[in-house]
Amino acid sequence: MEGTFVRDGVALNYRIDKADPAAPWLVFGNSLMTDLSIWDEQVAALASAWNILRYDQRGHGQSGVPVAALDIPTLAEDLLALIDFVGIERCTYVGLSMGVPTGLAAVGARPALFERLVLVDGQPRSAATGRAFWEERIAFAREHGMAALAEQTVKRWLRPARHASAQAERLQDMIATTPLEGFVACASALREYDQSAVLPRLDIPVRLIAGAEDGAMPATMKTMAGQIADAAVEALPDAGHVPNFEKPAEFNAALAAALR
């Protein structure tokens, strides 16, 4: 079932796969420059046992485009409002990249809603170089367009052996069709944020998954895990920034273990 939820004048596109009153809820949060289809392989593997909610963050996919820069608390409020709108009382949340600080901010605000977290290739605070990096990316997108940004991004996110694949083409199309102003608004949220204070307060199981080839991210997530009472980390070989998309079988095995 697909639907639209309007918050603060912006329509948020969402999809529910299965809605069994007896089944637990799994909520997915996507990364910058992707839409809810980034989770297709996970839904195919898990929909028989879980109710699944996916959505397009503001400015992405079929959701409305914001008119100004965003921040992480606003993205978290979108997530919480959508969970309430759907009528979910408790869920497991899986967040990818930008979906990690979004999820941490949501848990920090409403911890009773969440029974488990799975955090994928994301970090609780912006890097020291974050502002300069995202301002350069925003300037590049404004000058050259999202198609050019997509071509660069796919080469950073996927391993070289897959740069010429149908998989890369699909990801490139997803990024290229992200509205420019949607990208700019959410990239602005990533320039400077800090949700690290949430980590030591977490009293639910947290599982962290990273692509082993995603730069410093495996080490970053290992450091995160050290600040959480019940946490475990797994790095997936031969995978970059979007391991759920790049190596779905291996990711699904890790996710299934986390959900147990």
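The entries below go from helix to helix and then to the core.

**Ground rules.** I am working with a predicted model, where local features need pLDDT of at least 70, side-chain atom pairs count only at pLDDT 80 or more, and totals for chains, interfaces and linings use all residues. Residues are numbered from 1 along each chain as its sequence is written, and side-chain values use heavy atoms, with hydrogens and water left out.

**Helix α3.** I took helices (H or I, at least four residues) and strands (E, at least two) as DSSP runs, numbered from the N terminus. I looked up burial in α3, residues 99-109. Buried here means under 20% relative accessible area, exposed over 50%, and partly exposed in between, with a 1.4 Å probe and protein chains only. I found 9 of the 11 residues of α3 buried, so the helix is largely enclosed by the rest of the structure. The buried residues are G99, V100, P101, T102, G103, L104, A105, A106 and V107. They pack against several elements, among them β3 (25-29), β4 (51-55) and α8 (217-225). Contact means heavy atoms within 4.5 Å.

**α2 against α3.** I checked the pair and found an angle of about 70°, with the axes 8 Å apart. Axes are lines fitted to C-alpha atoms, for helices over the stretch in contact, and angles run from 0 to 180 degrees between N-to-C directions. α2 and α3 are therefore roughly perpendicular (65 to 115 degrees). From α2, the contact uses I72, L75, A76, L79 and L80. From α3, the residues include P101, T102 and G103.

**Helix α6.** Which residues of α6 are buried? I found A168, L171, M174 and I175 in this helix, residues 166-176. They cover an arc of only 125° around the axis, which puts them on the same side of α6. The arc is that of the directions from the helix axis to the C-beta atoms. On the other side, A166 and E169 are exposed. The buried residues of α6 pack against α5 (146-157) and α9 (243-246).

**The core.** I then looked at the largest nonpolar core. Such a core is a set of buried Ala, Val, Leu, Ile, Met, Phe, Trp, Tyr and Cys residues joined through side-chain atoms within 4.5 Å. It has 88 residues, of which F114, L117 and F183 touch the most other members. The largest share, 8 residues, comes from α2. I followed up L117. Leaving aside its neighbours within four places in sequence, L117 is in contact with Y93, L104, V107, L202, I204, P205, V206 and R207.

Technical notes: Angles under 35 degrees count as roughly parallel, over 145 as roughly antiparallel, 65 to 115 as roughly perpendicular and the rest as oblique.
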